[in-house]
Amino acid sequence: YFLNPWFVQVEQIKMTEIPIGYVGVVISYVGQEGQDLSGTEFKHGNIVAKGQKGVWVEPLGPGKYPINTFIMRVELVPTTNLVLNWASGRTESHQLDKNLSTITVRSKDGFPFNLDVSQIIHIPTTEAPKVIGRFGNMQNLVGQVLEPTIGNYFRNSAQDSDVISFLGSRKERQDSAKQHISKVLEQYNVYGVDTLIGDIVPPESLMKTLTDRKLAEEQKVTYDTQMKAQETRQLLEKETAIAEIQKEIVKADQGVLISERI
């Protein structure tokens, strides 16, 4: 090309790569003002056709694309199941949960305790443009929806129960959390696949009380077992003594009979 460097500048950039397991939602800053294709129920921005100004309704599949990054932006959205961890020191490779930490809750009886939670979500390819149109990027989705939704659910759930009951009803609470969180996420075009409760760490003072109580119960069982064994031994000795006495009685009776016959 014959270009006048006084008014034209050329810059080479790498092609935009969409990895496998992702789609690329294109946000164009130029183009014709297109008709909104998101539907009447979606009120968080315009979703437009390819080539128009706004969020494109058709995301880019895995591959490499010549995207002019001065006039377009591509947001990667994972289409595989995505795991997010509310656990200190545990982060997945996508780094979307790097700012999440173990959830601290307070029980009905006033004890604070910690629990780790993992949330699995799925964003279908057809819903990816709406997610980006609503939140701008995946990190905002995590920070604005997932973090408060899951944190508040478990805090509210813990306030309805004491620590012991919470520990004993782990499976039921996990199933209830899955149903509640999945219903909430549907409003944001995100599917909740599963909610998993990891480690539950009760307060140390309560654990000591529970341990002492358990030891006392075990000691009582041991004491009762020893008492039963002692009673059984005494009964055996009594029966043995009676049997010995009966032998002597029989022997004496035989001696009397023999004497009478003589």
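**Model.** I am working from a predicted model, in which local features need pLDDT of at least 70, side-chain atom pairs count only at pLDDT 80 or more, and totals for chains, interfaces and linings use all residues. Residues are numbered from 1 along each chain as its sequence is written, and side-chain values use heavy atoms, with hydrogens and water left out.

**Asn-189.** I found Asn-189 in the loop between α4 (170-186) and β10 (191-201); helices (H or I, at least four residues) and strands (E, at least two) are DSSP runs numbered from the N terminus. Is Asn-189 buried or exposed? Asn-189 has a relative accessible area of 14% and is therefore buried (under 20%; exposed is over 50%, partly exposed in between, with a 1.4 Å probe and protein chains only). Beyond its neighbours within four places in sequence, I listed its contacts (heavy atoms within 4.5 Å), including Phe-42, Ile-123 and Arg-134.

**Cores.** Of its 40 residues, Leu-84, Leu-115, Leu-141 and Phe-154 touch the most other members. Helix α2 (residues 138-159) gives the most to this core, nine residues. Another core lies apart from it and has seven residues, among them Ile-18 and Met-72. I then checked Phe-154: leaving aside neighbours within four places in sequence, its contacts include Ile-103, Leu-115 and Ala-177.

**Leu-3.** I placed Leu-3 in the segment before β1 (16-18). Its relative accessibility is 46%, so Leu-3 counts as partly exposed.

Definitions and conventions. A nonpolar core is a set of buried Ala, Val, Leu, Ile, Met, Phe, Trp, Tyr and Cys residues joined through side-chain atoms within 4.5 Å.
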